[in-house]
Amino acid sequence: MTTSTPDRAPDRADGGGVQGEGSRTTVTVDRPAEGGRLRVGMHAVGGPDRPVLRPMLVAADERTARVALVPEGALLLAGDVLTTRVRVGPGAALQLLEPAGTVAYDMRGGSARWDVHVELAAGATLVWHGEPFVAASGSEVDRRTVVDLAPTARLALRETLVLGRYGEWPGTLRSRLEARVDGAPVLVEDLGLAPDTAGMLLGGHRVLGSVLLLGADLPGNPGPDRFDLEGGGTLVRRLAAEAHQAVLADTWAQARATVRLP
């Protein structure tokens, strides 16, 4: 994961505030009616001074597509607005890969936004291999994820939130998650972390690792890190001092196996 500070001042030409629609990334996966390899649609657009997440097709067959989200340009800086939309059609499966983590840099009083919208149709599967999201000192990010699943869809999502790079104060991060199955909410969370509150909310830790499984329950017994959702599915969380301590590698492998993707 690259954590070096950009050479240029970390703000955009329009100033430090969040403005406009920013950069948009879209990934769609569908099974053709006539059979054969999945149809994978990928699109990314952004202004000349805006970073984008460029979807790159890694592999695809009749059942599963693998797509990497590759950042183009330094991100996140003040004024950045990145929106990612993912739609997986009936019976199709998608693996989303992140080649590296993301760092929100010092925004010098500005802010940035990171939005994700996921739609999974009947029988669809999404496995999102998320890498660490670092809120460096001086950053301010509003991060929102909305997931809509059909009753027979499945989702495995890995996230790692890191407050501050090594040896520095955390940035300000508001992380919101709303997951719905057949229109009914199964998990709604609004987590606000700031330099003066993160230590208390996270018990002195600076890393929050999560594995979310929806559409199925994670096998195994209850434990202190495990939360079985009333509407179905499992959330596993771990607090740690360093990112590698919050990886939850065994849990992530088990979640992928449960949705039957490698």
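User: I'm looking at Thr28; which residues is it in contact with, leaving aside its neighbours within four places in sequence?

Analyst: Contact means heavy atoms within 4.5 Å. By that test, Thr28 is in contact with Arg39, Val40, Gly41 and Arg87, once its neighbours within four places in sequence are left aside. A word on what you are viewing: this is a predicted model, where local features need pLDDT of at least 70, side-chain atom pairs count only at pLDDT 80 or more, and totals for chains, interfaces and linings use all residues. Residues are numbered from 1 along each chain as its sequence is written, and side-chain values use heavy atoms, leaving out hydrogens and water.

User: Thanks! In which strand is Thr28 found?

Analyst: Strands (E, at least two residues) and helices (H or I, at least four) are DSSP runs, numbered from the N terminus. Thr28 is in strand β1, residues 23-30. For a sense of distance, Thr28 and Gly199 are 171 residues apart in sequence and 39 Å apart in space, C-alpha to C-alpha.

User: How many helices and strands are there in the chain?

Analyst: The chain has two helices and 17 strands.

User: Now Thr83: is it buried or exposed?

Analyst: Buried means under 20% relative accessible area, exposed over 50%, and partly exposed in between (1.4 Å probe, protein chains only). Thr83 counts as buried because its relative accessibility is 13%. This residue is found in strand β5, residues 81-88, and is in contact with Ser23, Arg24, Thr25, Asp115 and His117, leaving aside neighbours within four places in sequence. Across the chain, 50% of the 262 residues count as buried.

User: Which residues touch the most other members of the largest nonpolar core?

Analyst: In soluble globular proteins, nonpolar side chains tend to be buried together. A nonpolar core is a set of buried Ala, Val, Leu, Ile, Met, Phe, Trp, Tyr and Cys residues joined through side-chain atoms within 4.5 Å. The largest one has 50 residues, and Leu76, Leu94, Leu120, Leu126, Trp128, Leu155 and Leu212 touch the most other members. Strand β8, residues 112-120, gives the most to this core, with five residues. Apart from it lies another core of 12 residues, including Ala93, Val127, Ala156 and Val236.

User: What joins Leu75 and Leu76?

Analyst: Look at omega for the peptide bond. A cis peptide bond joins Leu75 and Leu76, with omega about 0°. Leu76 sits in the loop between β4 (64-72) and β5.

User: Which residue other than glycine has a phi near 55°?

Analyst: One of them is Asp182, with a positive phi near 55°. Asp182 lies in the loop between β13 (172-181) and β14 (184-193) and is exposed, at a relative accessible area of 59%. Leu248 has a positive phi of about 55° too, although it is not a glycine. Leu248 is found in the loop between β17 (234-240) and α2 (249-258), and is buried, with a relative accessible area of 5%.
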